[in-house]
Amino acid sequence: MAKDARGKFASSVSQDGSFSVFYQKGWVFLTVWPSEGKGKPVYPEEVKSRMQLLGMPEVPRRLLRECIERASGSDEALVEWEGGKVLLAIITVEVDEDDMAARVTVEPPKKGAAPPILGDILEALNKSGVVYGIDQPLIEKILLHREYGKSHTVAYGKEPVHSEETNVLYHFNSDRGKPYLTTGFDRVEFREINFIENKKKGELLAELVIPAEPVPGMTVRGEPILARSSQEGFALTAGANTFWDAERTHIFAAVDGNVVCSPTGEISIEQSITVDGVNLETGNLHFEGSIVVTGEIGDGFTVEAKGDIEVGGSVGRATLRAGGNILLKSAVRGNGEALIECGGDFFAKYVESARVICKGNAFIEEVVLHSQLVVWKHCILRGRKAEFIGGSVLAGGSLWCKKLGNTLEIPTYAMVGTNPSLFAAFKEAQRNKEQKEKELAEAKSQLALMGKAARESRGGEKVEKAKAQLASEVSRITADIALLAEKVSLLQKDLQVDSESFLVAEDFIFPGVTVTFGRREFHTSSKGSSKAILQMRGNRILESGYNPATKPNLKF
């Protein structure tokens, strides 16, 4: 490689010199990079022209020439410039109301200003009082990729760790509020449900644990958050068929059976039985604990349990009663004679021609067909079909399905948001009143006949006596009717609709469907209603569209 006149090796690559002039930290800076080979150097006039274009103050030509001659590639301060602040990037800091997070938004700098650096962001955070939990690597990434105009959370506070009040470790599922798994489409996964959790004799059920020491937290402003220190223990009781260890810190099963935990913290073992099926070999089943039937329940049989009932096969024209939950992993085909009652939740894949009375929530995966359901809480159909066709449902909470009714316009009735106990009392009072009115009509008819016989002088004293008895009976029945009418009126006023209840039909409500909220009725048009949500608002039923993105929430 040849040497130039200064004795330095000349570059075989030609590249023009370049420069950058920018405002930063109250000064105008100039950075000059030298030319290579036969490349054109930077001239003072170019720099001066750029500075004039950006509105920067003038500097002596000599100073520009010296910087250009050095061409060091380093930032060199030229002149102070107070007005250059208007070119800087705008950094906005927002702190959450609870001081547990801080966000930064960086607007891009105007032409002529240097891009913001880490120190600029840290300075802006400090001015806003943010001094703790700052994620500097994230800030550097934001600046490197110039993610301007976006809000980024760059500081997080530290939540305190409170001393736990409930210092109990359960070795079983103690939460029976939702003891089932769902898929990503909110479908109940029946294969994974198991209300009955059997434990062997001597197996550990629960233990008391020492609460963790409280650890204080910190806000992004550096203010400490005190952690609560609980001095209270948790009430834990060894119930039926369980026992404490010598230290009274561990509870064990005394027999084989289903473990349950009461709301007061009492742990006990229900002795449970498992049978292959209910048929002539087993006869009817009546048990104090829980019952698992792995196979089918035949027609005409009864299964009663104070605990839970779980059935793996189909159910025919049978009667099932449980003090707890009922889980039917297959179908119910009751032919109008199946009766199912439970004090907890009811789960089934398919229900046809059956009567279901459920004191908890009812979850059906596929179809309810020609059945009568009375559900104290929510009635939810969330499977592939999720259709309710024919029959009726009374839900104290909400009703959720895909299709209500069908194209044949089979009469289908849905009463939503009405307390079943009040409704049953109201209907009974109505029936009693109607029965008494029939009795009154019959008594009055007989009294008229007796009156006619008396006028015609037939029967004598015997007729007069019967007439007096009938008149007394008419008066008594009339008084009963008045009392029942008052009771009906009062119960009707008490039938208030739960303000949080609603009906969702994800696909369609067909003609032939009647929906009631209390005393208000809804009938769809002759074309039906597509993707509908019905809710009681004021004194009217409001219909709105169903959108999966903004679907209402069920409260359990």
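Okay, to start: two strands pair if DSSP finds at least two bridges between them. Strands (E, at least two residues) and helices (H or I, at least four) are DSSP runs, numbered from the N terminus.

Quick housekeeping. This is a predicted model, where local features need pLDDT of at least 70, side-chain atom pairs count only at pLDDT 80 or more, and totals for chains, interfaces and linings use all residues. Residues are numbered from 1 along each chain as its sequence is written, and side-chain values use heavy atoms, leaving out hydrogens and water.

So, the sheet. β1 pairs with strand β2 (residues 27-33) in the antiparallel sense, over 7 bridges. One example: serine 20 has threonine 31 in β2 as its bridge partner. Zooming out, we get an open sheet of 3 strands, ordered β1-β2-β3, with antiparallel pairing. Since β1 and β3 stand at the edges with a single partner strand each, one side of each is left without a neighbour in the sheet. From one strand to the next, the twist averages 25°.

Then the helices. Helix α1 (residues 44-53) packs on this sheet and touches β1, β2 and β3, with a direction about 35° from that of β1. Helix α2 (residues 61-70) packs on the sheet too, touching β2 and β3, and its direction makes about 165° with that of β3. Contact here means heavy atoms within 4.5 Å; axes are lines fitted to C-alpha atoms, for helices over the stretch in contact, and angles run from 0 to 180 degrees between N-to-C directions.

Now, aromatics. Rings of Phe, Tyr and Trp (its six-membered ring) pair if their centres lie within 6.5 Å; planes under 30 degrees apart are stacked, over 60 edge-to-face, and the rest tilted. How many aromatic pairs does that rule give? The count is 8. Take tyrosine 23 and tryptophan 81: they're edge-to-face, 5.8 Å centre to centre, with 90° between the planes. Tyrosine 23 is in strand β1 (residues 18-24) and tryptophan 81 is in the loop between β3 (76-80) and β4 (90-95), so this pair ties together parts 58 residues apart in sequence.

Are those two buried or exposed? Buried means under 20% relative accessible area, exposed over 50%, partly exposed in between (1.4 Å probe, protein chains only). Tyrosine 23 is buried at 1%, and tryptophan 81 is buried at 13%.

Last stop: Trp400, Phe502 and Tyr546 form one aromatic cluster.
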